[in-house]
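Good morning. I will take a few minutes to go through one structure, starting with its ligand. Please have the picture open while I talk.

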Amino acid sequence: MKGFIWVQRGKAMLADTPPERAVINTNTMRILILGGTSEASQLAAQLSRNARLQVITSLAGRTEAPAPTAGFVRSGGFGGARGLQVFMEDNAIDVLVDATHVFATQMTRNAIVAARAARRPYYRLCRSAWTPRDGDRWIDADDTAHAAEQLTAGAVAFLTIGRQHLAPFAARRDVVMIARMIEAPTEFLPDHLTIIRGRPPFSLPAEREILRRYRISVIVTKNSGGSAVAAKLTAAREMAIPVIMIRRPQDQPPADASTAEDMAALIERHLTGQ
Ligand code: NAP
């Protein structure tokens, strides 16, 4: 639990270290990380070890018990691009790192606009997309609605798409669904949809066990990329289970780094002016 309020002009922020640490020091650089991904937490941990960097991670506030994150943490929307710009200016943010999930398109759009308006550099940390390997049986889908349409009647589907876009699947009463998410949704769900809770990373033995135990005949996933949630793809390949793969959104900015390590190196170079 975070215990300290930091910077109150316009926005209150909860931090896990006392406010004195937040005093502006001209030798330090202040980084705002837009988070909600494991890479964002890894980056915060890595950058927080550098005494010349002050690291603030922003979370959307969707998860009630987010994983612990190093440095300062604030939670909740900014109120659009303009709100983010004001936050950056009020809190003397030097660099904005967008480490949001590749499907969090609105936040990324806002971040680009806000960084430009605040005249601060914008860096994008985004995992590389998954690509099919020999033995994979992938079916492409444009979005969640398209993925739901592609399910065949009588299938037992393992949904790993989070909890925000379940509606098109809830409408498919001819398919049994097991949906995995960090926290269960608060809204009513129909009987044919069972929730199992889990927080990444997921191991290969654990993924094999889920596919066996629930007799899964198809997996539905977004092309999130990265290793923390990739074991299900290996398990599906081994068991010849098809995967409905939701394509990444179009018109995304290119990534400046695909791992926390590479982004940390980029920020350190920025800090030293190299
Ligand atoms: P989104 O649709 O792109 O953003 C909707 C609004 O949520 C934004 O306009 C912003 O509100 C607020 N928001 C989003 N990310 C925020 C952040 N890191 N800090 C503060 N406010 C944030 O986002 P989303 O798809 O709902 O994702 C929400 C969060 O979950 C993100 O942090 C993302 O990294 C994480 N996540 C998303 C997915 C996914 O599949 N979409 C998967 C895993 C994790 P304001 O306009 O009021 O500022």
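Start at K222: an N or O atom in its side chain sits 2.6 Å from an oxygen atom of the ligand. Keep in mind that this is a predicted model, and that the distances I quote are computed from it.

How much of the ligand does the protein bury? On its own, the ligand exposes 800 Å², and 79% of that is buried by the protein.

In Q164, a side-chain N or O atom is 3.3 Å from a ligand oxygen. In G80, the atom belongs to the backbone instead: a backbone N or O lies 3.0 Å from an oxygen atom of the ligand.

Now the wider surroundings. There are 22 residues around the ligand, and those that come nearest are G35, S58, R62, F78 and K222. By type, this shell has 13 polar residues, six nonpolar ones and three charged ones.

Which elements supply at least two residues each to the shell? Strand β4, residues 53-59, does, and so does helix α3, residues 105-118. The largest share comes from α3, with four residues.

Let us stay on that helix for a moment. N110 is part of α3. Is N110 buried or exposed? Its relative accessibility is 15%, and the cut-off for buried is under 20%, so N110 counts as buried. The N110 side chain also has a polar contact, at 2.9 Å, with the side chain of Q106.

How many cavities of 30 Å³ or more does the structure hold? The count is one. The space in the largest cavity is about 70 Å³. Its lining consists of T37, E39, A99, T100, H101, V102, L125, C126, R127 and S224. Sorted by type, the lining has four nonpolar residues, four polar and two charged.

Last, a residue in a loop. R247 lies in the stretch between strand β13, residues 243-246, and helix α8, residues 260-271. With a relative accessibility of 36%, R247 counts as partly exposed, because that class runs between 20% and 50%. Along the chain, R247 and A147 are 100 residues apart, yet their C-alpha atoms are separated by 9.9 Å.

That is the end of my part. If you want to go back to one place in the picture, go back to K222 and its 2.6 Å distance to a ligand oxygen.

How values were computed. Residues numbered from 1 in each chain as written. Predicted model: local features only at pLDDT ≥ 70, side-chain atom pairs only at ≥ 80, totals over all residues. Heavy atoms only, no water. Near = heavy atom within 4 Å. Polar contact = N/O pair within 3.5 Å; in protein donor to acceptor, adjacent residues only side chain to side chain. Areas by Shrake-Rupley, 256 points an atom, 1.4 Å probe, with all protein chains shown as cover. Nonpolar A, V, L, I, M, F, W, Y, C, P; charged D, E, K, R; others polar. 1 Å grid on protein atoms, 1.4 Å probe; cavity = no way out; pocket = protein on both sides within 12 Å on 5 of 7 lines; lining within 4 Å. Points joined across faces, edges and corners; volume = space filled by probe spheres on them. Buried < 20%, exposed > 50% of the residue type's maximum accessible area, 1.4 Å probe, protein only.
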